Amino acid sequence: MNKNDILTGIFSALRLETRLYFEAAFPKVFSVGLPKERQHIRFHVVLDGDAWIRVGDEEPQRLVEGDLAIVPHGSAQIVSDQPARAPVDLAEVLARHPPQDGVVNTGGNPATRLLCGFCAFDEAITHPLIAGLPALLVVRPAELRDEAAAATALRLLTMEATGRKQGMPAIVTRLVEIILIQTIRRLSMDEETRTGFVAALADRRLSRALYAMHDAPEQDWTVNLLSKVAGMSRSRFAAEFAADVGLPPIEYLTAWRLAKARALLSRSGLDVAEIAERCGYRSLPSFSQRFKTAFGTSPARFRRESRGQA
C-alpha cells in the first residue's frame, strides 16, 4: 500500500463532493467578506485579473490569473483588490447583485473574475488530515514547473472554467478534487512545511502503522503490534503517533473504522453484520453501540437516512 492509497481511502470515507457557487465578476475596486461556513473547504480560481485573500491572522496572499486558493475549515475570509480594504458582507453583495446564469456581476467592466466553490464532506467525521491543514493553501502555476501532472490539472481547470462549455461544472469540480489531493500529497513531501497527519504519513516508521490500520482495519490491532510494525518501542511509537496524528493509535484506529463503516453503509450493498466485521467488530451489538455512541444513530437508521438523502 502506498501514500496515494491512504489519501484515496480517506477522501472516499469522507465522501468528498465538490460544488460550484458562482463566477464573481468584480470591478477594479472591490472587497467582499465571506462568513465562516461549517467545515466546507472553499476555493477560488482566478480566471482574469488579480485579487488579495485574507484568512484570519494569516498573511494576506496575492492571487493572479491561474492561481487557485484553497481555504479549509470553512474559515471566514476577505477577497479584495487591496489587502487592507474594508469588506462588504457577501450577503449584502448578493442582495444587490443576484446571480444571473451563474455569474455575480457587481457592476462596470470586470477587472477580476473568480470562480468560487466548495468541497463538502461527511461533517460527522473530523479526520486529522483535514483538521491539520493550514488555514490557507495557494496553488500557483509558476510553482509547479517541476510537477507536470499538477501543472496540467491546474491549467486544465482554468481553461474549462473560462470556456464555460457544456459539462464544465462536472469537469471543474473533479479537477478541484484532484488538485486538492495533489496539494496534500505535496505537503507530505515538503520537510519544511509538513505537520500533523501529513508529517506522520511522510515518516517511514509511523506511516507503516498507518498503512497497516488502513489496509486491514478488521485486524485485532494493539499498540504493541502496531509499534512492532513501525519498528519502534511501544512508548516511543505511542508518543510520536499521538504528537503527529493528534490521537493515540487505538483512538485513531477506532475513528477510522467508524468512518469506513459510514462509507460502506451509505454506498455498499453489504449487510450491517458484514460491514461490522470488515471494520474490526466481531459482535454486531458491540458495533451498533459504538456507532450510536459516536454518531447518535444506529447503523441501520443511518443507512436508511443517507440513502434517502441521496
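Author: A salt bridge here is a side-chain nitrogen of Lys or Arg within 4 Å of a carboxyl oxygen of Asp or Glu. This is a predicted model, in which local features need pLDDT of at least 70 and side-chain atom pairs count only at pLDDT 80 or more, while totals for chains, interfaces and linings use all residues. Residues are numbered from 1 along each chain as its sequence is written, and side-chain values use heavy atoms, with hydrogens and water left out.

Reader: Why is the pair of arginine 140 and aspartate 67 called a salt bridge?

Author: The closest N and O atoms of arginine 140 and aspartate 67 are 2.8 Å apart, and the rule asks for a distance within 4 Å, so the pair counts. Arginine 140 lies in the loop between strand 11 and helix 4 (148-163) and aspartate 67 in the loop between strand 5 (61-64) and strand 6 (68-71), so the contact ties together parts that are 73 residues apart in sequence. Helices (H or I, at least four residues) and strands (E, at least two) are DSSP runs, numbered from the N terminus.

Reader: What makes arginine 42 buried or exposed?

Author: Buried means under 20% relative accessible area, exposed over 50%, and partly exposed in between (1.4 Å probe, protein chains only). Arginine 42 has a relative accessible area of 4% and is therefore buried, whereas glutamate 37, at 24%, counts as partly exposed. The side chains of glutamate 37 and arginine 42 meet in a salt bridge with an N to O distance of 3.8 Å.

Reader: How do you classify arginine 96 and glutamate 92, which both lie in helix 2?

Author: Arginine 96 has a relative accessible area of 55% and is therefore exposed, while glutamate 92, at 36%, counts as partly exposed. These two residues are four apart in helix 2 (residues 90-96), about one turn of the helix, and they form a salt bridge whose closest N and O atoms are 2.4 Å apart.

Reader: How many salt bridges does the rule give?

Author: The count comes to 17 salt bridges.

Reader: What makes helix 7 mostly covered?

Author: Nine of the twelve residues of helix 7 are buried, among them Arg205, Leu206 and Tyr211. Helix 7 covers residues 204-215 and reaches 16 Å from its first C-alpha to its last, close to the 16 Å expected at 1.5 Å a residue, where the expected span is 1.5 Å times one less than the number of residues.
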